[in-house]
Amino acid sequence: MKLFINDSEVPVTWEKNDSVNALRALAHGDGLTVSMSMYGGFEQVGPIGQRLPRSDRQTTTQSGDIVLYSGDQIVVFYGSNTWAYTRLGHADLSPEEMTDLLANGDVTLRILEGEK
């Protein structure tokens with residue numbers, strides 16, 4: 001799967017779990033677009049539009065972490081937080097690069113499956 005934040009492709013190491021499998025199925029074909037909103041000065045959060053399987057664990061996130069919150073929202077961190085999340089993946093960028101992408105206003109996240 002490929003992840004784009006606005007027009008920037010972001011390299012991601014995806015987890016191997018049921019949540020990512022369901023996300024992959026949602027992104028198949030035309031892809032999945034999520035309108036994200038800044039929250040708390042350390043993350044962007046947006047609704048996926050349906051519930052995904054979840055296996056929440058108390059987690060302290062780091063910059064670049066991509067998680068599922070409440071089963072129906074995707075969260076991308078440029079800071080840190082401790083909460084119960086299901087891990088989806090990790091953006092393989094520096095904290096500075098993540099801050100540049102996420103800390104300057106709401107963004108659009110796009111996930112594509114396959115060669116698109």
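Which residue in strand 10 is the bridge partner of Gln 58? The partner of Gln 58 is Ala 84. The model described here is predicted; local features need pLDDT of at least 70, side-chain atom pairs count only at pLDDT 80 or more, and totals for chains, interfaces and linings use all residues. Residues are numbered from 1 along each chain as its sequence is written, and side-chain values use heavy atoms, with hydrogens and water left out.

Helices (H or I, at least four residues) and strands (E, at least two) are DSSP runs, numbered from the N terminus. Two strands pair if DSSP finds at least two bridges between them. Strand 10 pairs with strand 7 (residues 57–60) in the antiparallel sense, over 4 bridges. Strand 8 also pairs with strand 10, again antiparallel and over 4 bridges. Strand 3 and strand 10 are joined by 3 bridges in the antiparallel sense. Within that pairing, Trp 14 stands opposite Gly 89.

An open sheet is formed by 4 strands in the order 2-1-11-4, with antiparallel pairing. Its edge strands are strand 2 (8–10) and strand 4 (32–35), each of which pairs on one side only. The twist from one strand to the next averages 25°. Axes for such angles are lines fitted to C-alpha atoms, for helices over the stretch in contact, and angles run from 0 to 180 degrees between N-to-C directions. Strand 1 (residues 2–5) and strand 2 run antiparallel and are joined by 3 bridges. Ile 5 stands opposite Ser 8 in strand 2.

The loop between strand 1 and strand 2 holds Asn 6. Phi of Asn 6 is near 55°, a positive value in a residue other than glycine. Asn 6 counts as partly exposed, at 42% relative accessibility. Here buried means under 20% relative accessible area, exposed over 50%, and partly exposed in between (1.4 Å probe, protein chains only). Ser 70 lies in the loop between strand 8 and strand 9. Phi of Ser 70 is also positive, near 60°, in a residue other than glycine. Ser 70 is partly exposed, with a relative accessible area of 24%.

Helix 1 (residues 18–27) has Ser 19, Val 20, Leu 23 and Ala 27 buried. These residues cover an arc of only 95° around the axis, so they fall on the same side of helix 1. The arc is that of the directions from the helix axis to the C-beta atoms. Asp 18 and Ala 25, on the other side of helix 1, are exposed. The buried residues of helix 1 pack against strand 3 (12–14), strand 4, strand 8 (65–69), strand 9 (73–77), strand 10 (82–91) and strand 11 (108–112). Contact means heavy atoms within 4.5 Å. Asn 17 caps the N-terminal end of helix 1, with a side-chain oxygen 3.1 Å from the backbone nitrogen of Ser 19. Just after helix 1, Gly 29 takes a positive phi of about 90°.

In soluble globular proteins, nonpolar side chains tend to be buried together. A nonpolar core is a set of buried Ala, Val, Leu, Ile, Met, Phe, Trp, Tyr and Cys residues joined through side-chain atoms within 4.5 Å. The largest such core has 25 residues. Those with the most contacts inside it are Leu 3, Trp 14, Leu 23, Ile 74, Leu 88, Leu 109 and Ile 111. Helix 1 supplies the largest share of this core, 3 residues. Apart from this core lies another, of 6 residues, among them Phe 42, Val 67, Phe 77 and Tyr 85. Not counting residues up to four places away in sequence, Leu 23 touches Met 1, Trp 14, Leu 32, Leu 52, Ile 74, Leu 88 and Ile 111.

Asp 65 lies in strand 8 and counts as buried, at 5% relative accessibility. Asp 65 stands opposite His 90 in strand 10. The side chains of Asp 65 and His 90 make a polar contact (2.7 Å). A polar contact is a pair of N or O atoms within 3.5 Å; within protein, one must be able to donate a hydrogen and the other to accept it, and residues adjacent in sequence count only if both atoms are side-chain atoms. Glu 43 belongs to strand 6 (residues 43–47). At 6% relative accessibility, Glu 43 counts as buried. Leaving aside neighbours within four places in sequence, Glu 43 is in contact with residues including Ser 37, Val 75, Phe 77 and Tyr 85.
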